[in-house]
Amino acid sequence: MDNLENKSPFLEIRGLTVEYFSKETVVHAVNSVDLTLEKGRTLGLVGETGAGKTTIAKSILRILPDVGARIVSGDIFLEGTDISKIPEPEMRKIRGQKISMIFQDPMTALNPVQTVGSQIEEVVALHNAGSKAEFRRRAEEMLELVGIPKERYSDYPHQFSGGMKQRVVIAIALACNPELLLADEPTTALDVTIQAQVLQLISQLRERLGTSMILITHDMGVVATFCDYVAVVYAGSIVEYGTKEQLFDHYQHPYTTGLFGAIPNMSLDEDRLHPIEGLPPDPTDLPKGCAFWPRCKYATERCKQEKIEMTVTSDGHLCRCCNLDLLSQEGAI
Amino acid sequence: MSVPVIEAKRLKKYFPTHGGILHAVDDVTLKIERGTTLGVVGESGCGKSTLGRTIIRLLERTDGQILLNGEDISELKGKKLRQAREKMQIIFQDPYSSIDPRKTVEATVCEPLKVSKRYSKKQIDQISDELMELVGIDHRLRVSYPHELDGGRRQRVGIARALALNPDFVVCDEPVSALDVSIQAQVLNLLQDLQEKRGLTYMFITHNLSVVRHISDQICVMYLGQIVEMCTTKELFTRPLHPYTKALFSAIPSTDIHSPHKPEILEGELSSPINPKPGCRFAARCKYANEACLQPQSQEEISPGHIVRCCRVHEIN
């Protein structure tokens, strides 16, 4: 993607392909994904369950399971260094320090038999030199920063509510001032008023520390509020990419159109929703050609046969569809 | 005026716990007219599901009255209760755990018909075929097991089962929360079609505000076991009066990228529903709270059909 004329990309992913496999089957989870992210910006990854969003994030951090998953190909450059190729001990220094991740489910991301304070302290001690007292002070600072009184340092996860647990997870992720934050559905498990609190916290901290972020979500409202760029993921491929404005005002891919149509609109009164017919494809048996064609009403013979490449439609706006001319003739985009 | 299908009067459901009495549903009064949908929204743990289950008598109420088609069903037992239950059904949130994994689709859908003992084998086959067609399950899938189906189809099985005995009233307890957006829209459309075809009355429980706005005629907003506001959908979204409703709406991230709004961020989190203090349960997070809010509050009709539980509603609006 050459949409970032003068700025060198902070993170660049090229041709990432990831598979999960068992004896009989191969799940094609991520298929040749290219992505770039500038420093200090936020990229939203949207798509349905099983589209490969979390796998992309886990590949960056190299925390895919040892058995059953493999990165088939691809390079991941962080400030020019290919972190997909460096030895594990070096990666361990980056993990939690330069790149950290907020996991989706705060109920399972924390260790239930360790106090929350010591879980924050652990990551600080791993990446910094200093005394035990200093580590503890830093962990207490982080607790206060996320709005939890430091007196609760010695409490266990089960003594916290869901929203507070997620704030502890955020404190752990941000304890070493990471340069890149991978937030995997950080608020999906939370209620809407608590979601607003947590998202506000993340964006305040991000502004202060200048952190870049990849935000995985399926909530278009969250994308609209927090992201600069959006990538729409379907069956392990990016089908559309652009700035938030390009995506929301001029979405082009039939799948993106379908996603917007399927959400009840808060500002419009409609009698009927417009669901995408059919189901997402089986990732062990992806259709030949465009992965979306079995659900697409514009599908042609070409869609069923050829591998569809990304088309640049306007400055930096990319769309993986070979029927854009037809779509615009029909007034669909 | 016609008789409401469902009416709850000062309904209470308490659970004893080690820490004290948990007030899951506390003093709820509502009615649902025939053929309409009442949406119930609120945060997790506010008593939405308990309310739905208490109304259809899956849970035994602590106090209050439940009326079905004008008839008091709160004390019914045995055969009478079973007959009343045929008129009230429920669709559960999780289509993965609410369907017996060892029964075929057909067996699941037919079970209520068999239990009722009112139909012959032939009639059961005929009704089950009709039901499957109604909810859009392919004929070939009738001998499949739940693990062979995706979430959307499983939820259709749950819907067919709920409709088997031709109920008047269906509690839909977060029926689309476990589904992806593209599938969610398919199921919402189906529920709307069925309502039209069969004149169903729904209580639609969800925490998703855009879904509730889409599907409901009336909405009630719950907070810690109590209804804080209830009125028509249009009224609620144009003129929310309770401070909690306002904060809730403000917290929804908007998909409109050109007019970003700053959400009103509530301080604090839900307080405990165990042994709650007598006053307004939202007072601890409410920016308008004062002395008067420490007194017990009651559901008050502010304008025709618009009910609010807030003693300061006139001053702050």
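In the predicted model, 31 residues of chain B are in contact with 35 residues of chain A, two residues being in contact if their C-beta atoms, placed from the backbone, lie within 7 Å. The elements of chain B that give two or more residues to the side touching chain A are H6, helix H7 (209–215) and helix H9 (243–250). H6(B) gives the most to this side, with seven residues. Helices (H or I, at least four residues) and strands (E, at least two) are DSSP runs, numbered from the N terminus. Residues are numbered from 1 along each chain as its sequence is written, and chains are lettered from A and ligands numbered from 1 in the order in which they are written. Because the model is predicted, local features need pLDDT of at least 70 and side-chain atom pairs count only at pLDDT 80 or more, while totals for chains, interfaces and linings use all residues.

In chain B, helix H5 (residues 151–163) has 13 residues and reaches 18 Å from its first C-alpha to its last, close to the 18 Å expected at 1.5 Å a residue; the expected span is 1.5 Å times one less than the number of residues. Twelve of the 13 residues of H5(B) are buried, so this helix is largely enclosed by the rest of the structure. A residue is buried if 20 or more other C-beta atoms, placed from the backbone, lie within 10 Å of its own. The buried residues of H5(B) pack against strand E6 (88–91), helix H3 (105–116), helix H4 (121–135), strand E7 (169–173) and helix H6 (181–198) of chain B.

The axes of H4(B) and H5(B) come within 9 Å and cross at roughly 135°. Axes are lines fitted to C-alpha atoms, for helices over the stretch in contact, and angles run from 0 to 180 degrees between N-to-C directions. H4(B) and H5(B) are therefore oblique to each other, as angles under 35 degrees count as roughly parallel, over 145 as roughly antiparallel, 65 to 115 as roughly perpendicular and the rest as oblique. The contact is made by Leu131(B), Met132(B) and Val135(B) of H4(B) and by Arg156(B), Ile159(B), Ala160(B) and Leu163(B) of H5(B).

In chain A, eight strands form an open sheet with mixed pairing, in the order E6-E7-E8-E3-E9-E10-E12-E11; two strands pair if DSSP finds at least two bridges between them. Strand E6 (99–102) and strand E11 (311–314) of chain A are the edge strands, each pairing on one side only. Helix H6 (residues 162–174) of chain A packs on the sheet and touches E6 and E7 of chain A.
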